[in-house]
Amino acid sequence: DSESFPDDDASCSHSHHHHHARDGHVNGYGSCHAEHHLQNGHHHHHGPMRHLSDMLQILERSGLPARAADRAERAFRILAEAEGSVHGCPVDEVHFHEVGGVDTLGDILGVCYGLELLDIDQVVCGVVTTGSGTVTCAHGVLPVPAPATAEILRRYSIPSITGKIAKELLTPTGAALLAACVDSFSQDIPMTTTAIGYGAGRRDFSGQPNVIRLRLGQRAGGFVPCISNEVRQCAASVGGIPDRVWQMTASIDDMTPEQTAYLAECCMTAGALDCSLTPVLMKKGRAGVEVTVLCDIEKRDELAALLLRQSSTFGVRLQQVDRIICARESVSVQVGGYDIRVKVGCLGSDVVKCAPEYEDCRRVATETGQPIGELMRDAVSAYWQNARGM
C-alpha cells in the first residue's frame, strides 16, 4: 500500500542469472509514523502496541524462507535501533504503535518475501529522494526526513537528496528496508533488462508521476559482487564509510630497486589510490618485492596494463576488496605565513586523525630552510588550535 513514489528506475538481481537491482524511492511506516491518514489533525490507532520482540515472534511464525526472514529481521532491528536512538530508550522498549505495527509488518514482510519470490540475489539502489517539509505523526510535527529516517541514512551511509517535492517520500520503514536489503548504492548500473514492473502511489504530484519502476535484469559484463550488508553494518557501527576497490598484486624478483620505485611512481601518477612495495621471499630462495596497487574500477584496466607493460611480471592477480574508510576533508592552515593543507579524517562527527600534506611541507621547507619535521608538527598543532577555537 504505497504512499508516494517519485518515478525512478529500479533493478533486481535474479539468482542463477546474476541479475541486479536498483531500488527506487521506498516508502513504509516506522514507529514514529502513524497511518498518515489524518482526519481533523488526529491519528487513528487501530491495534495494540507491539515491541521488537513481538515483531520477531510474528516473523518467526510467518513461515518465510530463510533468506527472506533474515532480511526482514535485519529491517526490524535497524528500525528499532534507529527509533531507540532518537528517542533515547533501549531497543527493547521501542514500540510500534501505529495500527499495531500492521503497516510495518506488511511492508517489511511483503518486500522481503517479494525479493524471495523473484529469487533476488542482490539489490542495488540509486540515490534516494527523501522529500522535504514536515510530517505530522504521533510525536507531533517533525521535519522531513523524520529523525529515525535521518538516523538510518546516517548509520548506513545511504546517499540521498531532498528533491523538489515537499512531502515525505522516505519513511523510517522504507529507510530500514534499504539498509537491510540493498547490497550496494550506485546511480548508473550497466545491465540487460529482462522484466519491468510499475507500482503507483495514491497521491498526485504536479509535473511528476507518482510511480516506482522496478527493473529485473542481468548486469552487463557478468556478475560483480557488491559490498555486503556485514561490511556496511560494520562501517555504520564505527562511523566509517563502506567502500569497494580493486586490488592488483604482482611478485617480482628481477627488477632493480630503482625500477620498482619508478613503477610505483607510474602507478600513482596513473590514478592508483595506493601503491606499496613489500619485500618477499620467492621461489628458489630469491629475494623479491610484491607490488600491491589499489584503484577504483574506472582505473582497473589502465593500471593492469601498466603493470604488465612497465614491470617484468608475466601476470597480475586481481580481486575486489571491501574496506572501511574515514570521511575525509582538506583544511588549509597557516604556518609561519605559509598555507599548508591538512588532511582530516572523521568517523561520524568525530575527528580521529589529521595529517599535513607532505608536498606542501616540502615546498615550505625548501623555501624557508626550516626542518620539515617541525613544519609538519606545527601544521597539526595549527589545525587543532583552529578546530578548538583557540
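View 1. Buried here means a relative accessible area under 20%, and exposed means over 50%; the structure shown is a predicted model. By that criterion the buried residues of α7 are T260, L263, A264, C266 and C267, and because their arc around the axis is only 160°, they lie on the same side of α7. The face turned away from this buried side carries P257, E258, E265 and T269, which are exposed. Among the elements that cover the buried residues of α7 are β13 (241-252), β14 (274-281), β15 (287-295) and α8.

**View 2. Length and end of helix α7.** Helix α7 runs over residues 257-269, and its 13 residues should span 18 Å at 1.5 Å a residue, which agrees with the 18 Å that separates its end C-alpha atoms. The helix is followed by G271, a residue whose phi is positive, near 110°.

**View 3. Surroundings of S311.** S311 sits in the loop between α8 (300-310) and β16 (317-325), where its relative accessible area of 11% makes it buried. A polar atom of the S311 side chain lies 2.5 Å from the backbone oxygen of L307, and a polar atom of that side chain lies 3.3 Å from the backbone nitrogen of T313. Once neighbours within four places in sequence are left aside, the residues in contact with S311 are I252, M255, L263 and L306.

**View 4. The largest nonpolar core and another core apart from it.** The largest nonpolar core has 39 residues, and L59, F76, I152 and I158 are those with the most contacts inside it. Two or more residues of this core come from each of α1 (52-61), α2 (66-87), α3 (102-117), β5 (120-125), α4 (147-155) and α5 (172-181), with α2 giving the largest share, nine residues. For L59, leaving aside neighbours within four places in sequence, the contacts are L64, A69, A72, E73, F76 and L109. Another core, of 20 residues, lies apart from the largest one and includes C267, A272, C295 and L306.

View 5. With a cut-off of 2.5 Å between cysteine sulfur atoms, the count of disulfides is zero. C295 is buried, at a relative accessible area of 0%, and its sulfur is 9.3 Å from the closest cysteine sulfur, that of C267, which is too far for a bond. C326 also counts as buried, at 17% relative accessibility, and the closest cysteine sulfur to its own, in C346, is 7.7 Å away, so this distance too is too far for a bond.

Methods
Residues are numbered from 1 along each chain as its sequence is written. This is a predicted model: local features need pLDDT of at least 70, side-chain atom pairs count only at pLDDT 80 or more; totals for chains, interfaces and linings use all residues. Side-chain values use heavy atoms; hydrogens and water are left out. A nonpolar core is a set of buried Ala, Val, Leu, Ile, Met, Phe, Trp, Tyr and Cys residues joined through side-chain atoms within 4.5 Å. Buried means under 20% relative accessible area, exposed over 50%, partly exposed in between (1.4 Å probe, protein chains only). Helices (H or I, at least four residues) and strands (E, at least two) are DSSP runs, numbered from the N terminus. Contact means heavy atoms within 4.5 Å. A polar contact is a pair of N or O atoms within 3.5 Å; within protein, one must be able to donate a hydrogen and the other to accept it, and residues adjacent in sequence count only if both atoms are side-chain atoms. The expected span of a helix is 1.5 Å times one less than its number of residues. The arc is that of the directions from the helix axis to the C-beta atoms.
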